[in-house]
Amino acid sequence: MAVWDLSVTVEELGPDAPPLKISVTSDLHIGGAILKIVDKTQIKKDWSDHALWWEQKQQWLLKPAWTLDKCGIHADARLSFTPQHKPLRLGMPNGITLKLRACFSSSVFRTVMGICKLLNIRRPEELSLLRPVEEKKKKKDKDVEGEVYDITCAPLPSGTVLTLANGMPAYFADSPEMEAVYKLLSVSQPAPPPETIVKMYRPMNVVDKAQVNGRWLDSSRSLLQQGVKENDKLFLRFKYYSFHELSPRTDAVRLVQLYEQARWSILLEDIECTEEEMMLFAALQYHIGKVSLTEPQMVVSSPAMDDLDSALQCLEVKMEGGQNNTVDVLDTMTTAPELHDYLKLLRPKKLTLKPYKQYWFKFKETSISYYKSKEESTKEPIQEMNLRGCEVVPDVSVAGQKFCIRLLIPEAEGMNEVYLRCENEQQYSRWMAGCRLASKGKTLADSSYSSEVQNIQSFLAMQRTTPRTDTPQTDESINTHSLVSPRYQKKYKAKQLTPRILEAYQNVAQLSLSDGIQKFLQIWQALPDFGISYFVVRFKGCRKDEVLGIANNRLIRIDLSVSDVVKTWRYNTMRQWNVNWDIKQVAIEFNGNVNIAFSCVTADCKIVHEYIGGYIFMSTRNRDQGDTLNEELFHKLTGGHEAL
């Protein structure tokens, strides 16, 4: 067989060194070629992390048993012999930048798994890597960057990571500098100065938010395949808003980083919230910052104690279930839970100012019916509304005693908008909990109904401000403008904000550090716009751009001109979805012979496809799996045509 020369660039020989030429035949396998390259360099070192990168084809040659002929390599190929793990600057959700070794040869999904294992973050499937915004730098800003914390000395985690009693991986205890980095990751950072918040990029509208989602890296391809070079900067962010089993015991870093991402989404107005909610978020930030100084780390325990706790909890549930099991079954067989009450109804219509009108309402299964009066409830209702798949939006002002529920109910021609007004907090909590469950296809008989009511009531109680004589009106340690978004920095002076934040603080002052963080996340997740990732798309047959919102349980079609929800589709009604990779179009089929198709304007259709498949993958996780990941299923649901 003919012998020919193969040119290979070896990084260790320096950037100016000419490529090595090795004599090969087409039936030589990749492993044999690597042995020849190592012999020719005459450098004695550990080459186990090195692999061949094919520049023209933009692909790694990672199968050592494959021959050069099978890979399609000929004499004109330009190969590079380079380490698979390279330094990468990683921007964390809390604003610090780490320099660490990341895998440039495996898929981004697996690279993120490696990074999360290194940093002790569970559930890596919820995170991904985001490109930074391309900024035109001025000459004077050329070298302006915050401190970079170098942890490239940390060993690449393989197998089970040894952790200390406080949950910290053992290698972070190797030096005081490494330990300080772990503390930065696992402890909430002080509130940023107001000037920093004002200078940071804030999305002004839904199109700006859509532009951000166009910067996600492809989970199926490697960093090098996507043009990421050694020492480039990327951001690690929670991509999928579906958080599985958050536990202060095992998730110190994960909880703090999620809290920081939530906090910045509030401060940078990435998600809308009311003024009362903003004051509560500010009070919780103030409390968490204060407690972090005295209670520097969330309580963690050993895996053995965790197993014991979960076993005891499971036993407790079984025993509780066993005591009243027969009674519960009989109750559910005889009476299905219902809600009955007088509520006020409003159907907003353009150019009209109709007042709320009182009706007698009945909530049964997943439907709401209403009648002229209680006496009429034995007759046919005026209307029955099935809430399955509807949008449920709170419209509440505790101070103004306004307790409204906004319902966007899907119908054939679009969304039917209805407002329900409740008289008080108790009535609102019951009906709001029922509406939320019904939108997911659950009834009032569902076991989560009572806890949903309690969560809503505790949230309202936190917003209730009752000025007390012992409440300090000022506090020198509180920098109020660091705790609210620029909108409220402009609207109020610090001396106006301080007493309001301190009043809200009285409702959360008794919370521990982990409870404070979890309460912040709980309220963040209850916001109407929580967890919606936006994309500008063009629906098939339409001439104008619209917005597609992707949440963890539904797709939302939004009119770009007025930002109104046009239609909602739930994943549980989805039959299949396909991508035409040639024309970059996503087509989805739902129950009832409903078909939609759209092309993406602000992002590659692969990102949209990955979001839909990713959320469906998240819904397949269960407690029995533990921390094991079905990586093959993830790639089947999110990969492009190359995955098949």
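**A residue and a sheet**

Tutor: Thr638 counts as buried because its relative accessibility is 0% (buried means under 20% relative accessible area, with a 1.4 Å probe and protein chains only). This is a predicted model, in which local features need pLDDT of at least 70 and side-chain atom pairs count only at pLDDT 80 or more, while totals for chains, interfaces and linings use all residues. Residues are numbered from 1 along each chain as its sequence is written, and side-chain values use heavy atoms, with hydrogens and water left out.

Student: Which helix is Thr638 found in?
Tutor: Thr638 belongs to helix α17, residues 631-638 (helices are DSSP runs of H or I with at least four residues, strands runs of E with at least two, numbered from the N terminus).

Student: And what does Thr638 contact, leaving aside neighbours within four places in sequence?
Tutor: Thr638 is in contact with Ser220, Lys606, His609, Glu610, Gly613 and Gly614 (contact means heavy atoms within 4.5 Å).

Student: New topic: how many strands form the open sheet?
Tutor: The open sheet has 7 strands, ordered β21-β20-β19-β18-β24-β23-β22, with antiparallel pairing (two strands pair if DSSP finds at least two bridges between them). Its edge strands are β21 (565-570) and β22 (574-580), each pairing on one side only.

Student: How many bridges link β19 and β20?
Tutor: Strands β19 (residues 546-550) and β20 (residues 554-558) pair in the antiparallel sense over 4 bridges. Gly549 stands opposite Ile556 in β20.

Student: Which strands does helix α16 touch?
Tutor: Helix α16 (residues 605-618) packs on the sheet and touches β18, β19, β20, β22, β23 (585-590) and β24 (594-600).

Terms used:
Buried means under 20% relative accessible area, exposed over 50%, partly exposed in between (1.4 Å probe, protein chains only). Axes are lines fitted to C-alpha atoms, for helices over the stretch in contact, and angles run from 0 to 180 degrees between N-to-C directions.
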